[in-house]
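Here is a brief report on aromatic pairs and ligand contacts. Please look over the structure first.

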Amino acid sequence: MKTQVNGVTIAYDDRGTGIPIVFLHAFPLNRTMWIQQQAALGQRFRTISIDLRGHGESDAPFWRYSLEQYASDVKEVLAGLGIARAVFVGLSMGGYLEFTLYRLYPELILGLVFADTRAEADKPEQRQWRFDLAQRTASLGSAAVIADMLPKLLAPKTYERDPDLVEWVRSIQAAAPVAGIIGDLMAMAERPDSVDLLSSITIPTLVIVGEDDVLTTPADAQRIANGIPGAKLVVIPGAGHLSNMDQPDLFSRAVGEFAAGLSTRLA
Ligand code: MLT
């Protein structure tokens, strides 16, 4: 499905009925990374996955990328679908986007699932890496991202055990438009620190992390969970950074149990 918001076409999937769960993808992937969660949860919930601008089947203009812009696009997509409040599930960059949604549109949020993400802003060396990767992407395309990131996205055992999954992740990265990759890198480099925000979050929160995540580690997740009053932490064994793709059943179960517990808040 496609819709026009803020001057661009945004693609999304909207399936099922019940509490809306909105899935926000990682850098520089797209909504197909959530296929298994939509299959597992689609009988009990309304699941919405969105291609952020610059990704998947959404437009990829060479202009206007920021987490605030992504948040506005998400808000407009949900308004078009008549969704006033939802549970948000954001993985990595999707988690950075959740902090932005919380800052700008807290009224939209029924529950938060921060997956394999962090609250801290970039350190200078991370910003430098993003700048360098953007320059390499401009000349090499998505191959630059694959070279830097593919070896770090899944648990070590997955690379031996499941070549099909590795190839699936590679193919999603390969399809990422240059405008979207560079747009994400700028948006993430410029994001503010969200550590001071944590103690103000009164929305029910689940934090999920793959135990083998080397990009946003279990310690990063623990800091989010410690900071948000009442937040629960789930560590997924045998999963790396893309924990929802590495261990889809465990990930879906954790999200399903969390979302089911929020039904009375939607009334
Ligand atoms: C992601 O998976 O979205 C990225 O690893 C996030 C980042 O580069 O900080």
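## Rings and ligand

Tyr65 and Tyr70 are both buried. The model is predicted. The ring centres of Tyr65 and Tyr70 are 6.2 Å apart and the planes stand at 75°, so this pair is edge-to-face.

The count of aromatic pairs comes to four. Another of them joins Phe23 and Trp34, and this pair is tilted, with 4.9 Å from centre to centre and 35° between the planes. Phe23 belongs to strand β3 (residues 20-24), while Trp34 sits in the loop between β3 and α1 (35-41), so the pair ties together parts eleven residues apart in sequence. Both Phe23 and Trp34 are buried. Ring pairs also bring in Phe251, which forms a cluster with Phe23 and Trp34.

Tyr96 has a charged partner. The charged end of Arg191 sits over the Tyr96 ring, 3.7 Å from the ring centre.

Tyr96 is also one of the residues around the ligand.

How much of the ligand's accessible area does the protein cover? On its own, the ligand has 270 Å² of accessible area, and the protein covers 95% of it.

Conventions:
Residues are numbered from 1 along each chain as its sequence is written. This is a predicted model: local features need pLDDT of at least 70, side-chain atom pairs count only at pLDDT 80 or more; totals for chains, interfaces and linings use all residues. Side-chain values use heavy atoms; hydrogens and water are left out. Rings of Phe, Tyr and Trp (its six-membered ring) pair if their centres lie within 6.5 Å; planes under 30 degrees apart count as stacked, over 60 as edge-to-face and the rest as tilted. Helices (H or I, at least four residues) and strands (E, at least two) are DSSP runs, numbered from the N terminus. Buried means under 20% relative accessible area, exposed over 50%, partly exposed in between (1.4 Å probe, protein chains only). A charge sits over a ring if NZ of Lys or CZ of Arg is within 6 Å of the ring centre and within 35 degrees of the ring normal. A residue is near a molecule or strand if one of its heavy atoms lies within 4 Å of it. Accessible areas come from the Shrake-Rupley method with a 1.4 Å probe; for residues, only the protein chains shown count as cover.
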